[in-house]
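Me: I have a structure to go through with you. Can we start with the charged pairs and then move on to a loop?

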Amino acid sequence: MEIRRAAPDDLQGLVPLFDRYRQFYGRPSDEAAARRFLGERMARGQSVILLALDAGRAVGFVQLYPSFSSVRAAATFILNDLYVEPGRRRGGAGRRLVEAAAALARETGAAGLSLVTGVDNLAAQTLYERLGWTRETRFLEYGLDLATSPP
């Protein structure tokens, strides 16, 4: 299995994975939106996408967004998306993608990585904890959906 940074030429194999990832989180299939979103992130340098390839075929990905920690006065990354094809799970692709994300963050001098996962996504939680990630217990996460909240 090869892990490498995705390039615009990889969109054909990446888009179906990203579309299935979005469906996992309850969104309807929309490959055109997936292609547009990923293409824009790549073109603008707004994310780093690492691909897991088996015999040249994309079987998983991780997407990182650069961020900053004011308290640490340092750059960080948000591990926003991790997806491995269902038939390929438990084969090491997810682990290798997360390890590659950590290695990339270290190489760029980032102070850390952070992520949010579903409270019911026990497989992901187990993976992260096995790889040394710690569960945050000091802070609460909040969100504001601008499409549905009053101005």
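Reply: The side chains of E85 and R57 meet in a salt bridge, at 3.7 Å from N to O. A salt bridge here is a side-chain nitrogen of Lys or Arg within 4 Å of a carboxyl oxygen of Asp or Glu. The pair links distant parts of the chain, 28 residues apart: E85 is in the loop between β4 (74-84) and α3, and R57 is in strand β3 (residues 57-69). Helices (H or I, at least four residues) and strands (E, at least two) are DSSP runs, numbered from the N terminus.

Me: What kind of model is this, and how are residues numbered?

Reply: This is a predicted model, where local features need pLDDT of at least 70 and side-chain atom pairs count only at pLDDT 80 or more, while totals for chains, interfaces and linings use all residues. Residues are numbered from 1 along each chain as its sequence is written, and side-chain values use heavy atoms, with hydrogens and water left out.

Me: Back to that pair. Is E85 buried or exposed?

Reply: E85 counts as buried, at 10% relative accessibility. R57 counts as partly exposed, at 47%. Buried means under 20% relative accessible area, exposed over 50%, and partly exposed in between (1.4 Å probe, protein chains only).

Me: How many salt bridges does the rule give?

Reply: The count comes to 9 salt bridges. One of them joins R4 and D10, with the closest N and O atoms 2.8 Å apart. R4 is partly exposed at 29% relative accessible area, and D10 is buried at 13%.

Me: Why can such side chains pair at all?

Reply: Side chains of opposite charge can pair when their charged atoms come close.

Me: What about E136?

Reply: The side chain of E136 forms a salt bridge with that of R138, at 3.3 Å from N to O. E136 is partly exposed, with a relative accessible area of 42%, and R138 is exposed at 66%.

Me: Which residues are joined into a network?

Reply: E2, R4 and D10 are, through salt bridges that share partners.

Me: New topic. Where does T108 lie?

Reply: T108 is in the loop between α3 (93-107) and β5 (113-114). T108 is exposed, with a relative accessible area of 52%.

Me: What does the side chain of T108 reach?

Reply: The T108 side chain reaches the backbone oxygen of A105 at 3.0 Å. That is a polar contact: a pair of N or O atoms within 3.5 Å, where within protein one must be able to donate a hydrogen and the other to accept it, and residues adjacent in sequence count only if both atoms are side-chain atoms.

Me: And how far apart are T108 and A75?

Reply: They are 33 residues apart in sequence and 8.9 Å apart in space, C-alpha to C-alpha.
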